Amino acid sequence: MEIDTVTEAAVVEEKRTTVNNVMCLLTDQDGGPIGAPMYLPQNIGPQQLQLIVNQLLNNEEKLPYAFYISDEELLVPLETYLQKHKVSVEKALPIVCQPQAVFRIRPVNRCSATISGHGEAVLSVAFSPDGRQLASGSGDTTVRFWDLGTQTPMYTCTGHKNWVLCIAWSPDGKYLVSGSMSGELICWDPQTGKQLGNALTGHKKWITGISWEPVHLNAPCRRFVSASKDGDARIWDVSLKKCIVLCGHTLAVTCVKWGGDGVIYTGSQDCTIKVWETTEGKLIRELKGHGHWVNSLALSTEYVLRTGAFDHTGKQYSSPDEMKKVALERYNTTRGTAPERLVSGSDDFTMFLWEPFINKHPKTRMTGHQQLVNHVYFSPDGQWIASASFDKSVKIWNGTTGKFVTAFRGHVGPVYQISWSADSRLLLSGSKDSTLKVWDIRTRKLKQDLPGHADEVFSVDWSPDGEKVASGGKDKVLKLWMG
Amino acid sequence: MPQNEYMERHRREHGRRFDHEERIRKKEARKAHKHSKQAQQAIGIKGKQIAKKNYAEKAQMKRTLAMHDESTSRRKADDNVQEGAVPAYLLDRENTTRAKILSNTIKQKRKEKAGKWDVPLPKVRPVAEDEMFKVVRTGKRKTKQWKRMVTKATFVGPGFTRKPPKYERFIRPTGLRFTKAHVTHPELKCTFNLEIIGVKKNPNGPMYTSLGVITRGSIIEVNVSELGLVTPAGKVVWGKYAQVTNNPENDGCINAVLLV
């Protein structure tokens, strides 16, 4: 309490003559109070509040914070806010402090390279977790690795018999797995571009999704799970070439995610989401609620699971154990004390927010889209949910409560895929109308319009180090965008 | 007609004859020969009937055999790569080709210029008045002919009471009144049994609209609150238009397509 009085006194001292005070209660994002309620002078703005919070929490480095009063960001001094909104000063004013990323990612604004090479539409692009490598899967049955330095093709990997629908990097960056239309999975070595072992066969129809086991549960990465149209999901072991079948869905599995707490989530066209245990493939839970196909799932910790131990500093790790330790640390800070949250987007135009470990009923139903929701994605800090829909809009929702925040309109065709920047401040969307658009979360406006593709954009990815954006589409070229 | 299960009873009490199995086996073995002899001898319509039946059986058998063959021999699943790759999330969705979309949009534009609705059934057969109404003769001598009975399905609001017979010109028979319709959502491809709110437009004329006559091609308003559709503002939509696609007076039910 000493600090309170000191800072308060210091600030008050200067403006004692003119300024009114207001009772404020600073809380963290889960609603836990930071210090006791205190009197703050009305003329302080976000900068001063930031100083106070940093001092209250005894942060060694000064972290940036954003402040929210009843879900609206505070950008002006308190005084202006109070006058505008006519808030009662009788009660303590709750101010929610959201820690922001300490780094800032520049929005991309130009196309740095258009690389042709694929003979058919580019169906998926993905940056490696450290952001130094790029791979793409295409309808010409090849997987290609691209050299980001020279922006030229590096390896062309042939092996699939049909369209390569999905690709996924292992969180330690040592493997790339690709799944094809004919149902086989192939594991590639990104260093040499060679196929590792034979193709993994077992699925009877095409692959719809691949997800790796998080590195903080098991290092080095060996296991991944794949979902298929035939209604099964399979857990594969890269080195043992064995698989465990997760069967139970009556229709095609559309999406699969390996959660940070060691469970697998699958969403299916039979309107259910199932939760599986990973060692034997037992069904733990079934989440029902959707009225039509479940198209997409997202976890609150998904971004950190994807990047594993790699963060914005670009540090490399030598041993798997070290990597595991760092990844676990990063996972725990992102997750906090709250349980893992899951959001599902569906063909019934709605989304549900679940907390699968607490309740098998949804936490919130998020309505507002007028067409099916094709892709949902949690922001890297878990604070926002973005949803891309065929109604040409991207909507932003609060990541903890599921409340509607804002809608980004601007695309003139269905929005296919979205991708967050690593600092959660920018959102990228790719659409059927052949453009990419960058949206600013803070101002809730279009930041950058990126035309250039000649046809539909099927896949977008923002590299985890924030330097580049890659996009691929029906016009058979891969485009790299830079800031 | 047997009045009881006396054969079963006899069998229960006395058992079958000792050579029963043998006789069945022989009868079964002889069946093919008997059938063949019959097939060869039969002439005329009987012959044709037998030949047709035999052909159908043979075709069915061939089909079954082919199916079994397929499951045992491992076939290569369409190994030729097709043109026009699409990502996994678009694979299950029907997508019309680009040229078709373009021509569709042009057509739509033209229609909008002409001020027409774009509905699933753009044209319907006009229904003449004498088909729509039956003349009811009234009066002591049955000479008056001003009363009409509607011969098509109708929708009558829940609060409706009939007028006294002297003033009731149009009778809407209770047997042909409907309150619910089977409405198909064209995108979800599901059908729901929804309540009718009203008749928006009958293509045959405004009089039929106001009478609530439902014929093929009529636009009806249905209660979609249970489908959970939402407006951009997040409010639940409860009334939506649908077009009737069948002839309700013949079928005894109303089938309709939701207009989205």
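At 14% relative accessibility, Glu302(A) falls among the buried residues of this predicted model, since the cut-off for that class is under 20%. Its salt-bridge partner is Lys257(A), and the closest N and O atoms of the two are 3.4 Å apart. The pair ties together distant parts of the chain: Glu302(A) belongs to helix H4 (residues 302-307) of chain A, while Lys257(A) lies in strand S19 (residues 253-258), 45 residues away. Lys257(A) is buried as well, with a relative accessible area of 17%.

The secondary structure of chain A amounts to 5 helices and 37 strands. Chain A has a radius of gyration of 23 Å, close to the 23 Å that the globule rule gives for 483 residues, so chain A is as compact as a globular protein of that length. The C-alpha trace of chain A extends over about 80 × 50 × 45 Å along its principal axes. Of the 483 residues in chain A, 59% count as buried. Among the contacts in chain A with a separation of 6 or more, 52% come from residues 24 or more positions apart.

Attention now turns to the other chain and its salt bridges. Over all chains, the search of the whole structure returns 21 salt bridges. One of the pairs in chain B joins Arg17(B) to Asp19(B), with 3.0 Å between the closest N and O atoms. Arg17(B) is exposed, at a relative accessible area of 52%, because the exposed class begins over 50%. Asp19(B), with a value of 33%, is partly exposed.

A further pair in chain B sits within a helix. Arg25(B) and Glu22(B) meet through their side chains in a salt bridge, at 3.0 Å from N to O. These two residues are 3 positions apart in helix H2 (residues 20-41) of chain B, so about one helical turn separates them. Arg25(B) is partly exposed, with a relative accessible area of 47%, and Glu22(B), at 38% relative accessibility, is also classed as partly exposed. Elsewhere in the list of charged pairs, Arg125(B), Glu131(B), Lys152(B) and Glu249(B) are joined into one network by salt bridges that share partners.

Finally, the two chains can be considered together. In the model, 38 residues of chain A are in contact with 24 residues of chain B. The area buried between chain A and chain B is about 2500 Å², and carbon and sulfur atoms give 55% of that area. Three strands of chain A each supply at least two residues of the side that touches chain B: strand S15 (207-212), strand S31 (415-420) and strand S35 (457-462). By class, this side of chain A holds 13 nonpolar, 15 polar and 10 charged residues.

Definitions and conventions. Residues are numbered from 1 along each chain as its sequence is written. Chains are lettered from A and ligands numbered from 1 in the order in which they are written. This is a predicted model: local features need pLDDT of at least 70, side-chain atom pairs count only at pLDDT 80 or more; totals for chains, interfaces and linings use all residues. Side-chain values use heavy atoms; hydrogens and water are left out. Contact means heavy atoms within 4.5 Å. Buried area is the accessible area (1.4 Å probe) that two parts lose on being put together, summed over both. Helices (H or I, at least four residues) and strands (E, at least two) are DSSP runs, numbered from the N terminus. Ala, Val, Leu, Ile, Met, Phe, Trp, Tyr, Cys and Pro count as nonpolar, Asp, Glu, Lys and Arg as charged, and the others, Gly among them, as polar. The radius of gyration is taken over C-alpha atoms; the globule rule is 2.2 Å times the number of residues to the power 0.38. Buried means under 20% relative accessible area, exposed over 50%, partly exposed in between (1.4 Å probe, protein chains only). A salt bridge is a side-chain nitrogen of Lys or Arg within 4 Å of a carboxyl oxygen of Asp or Glu.
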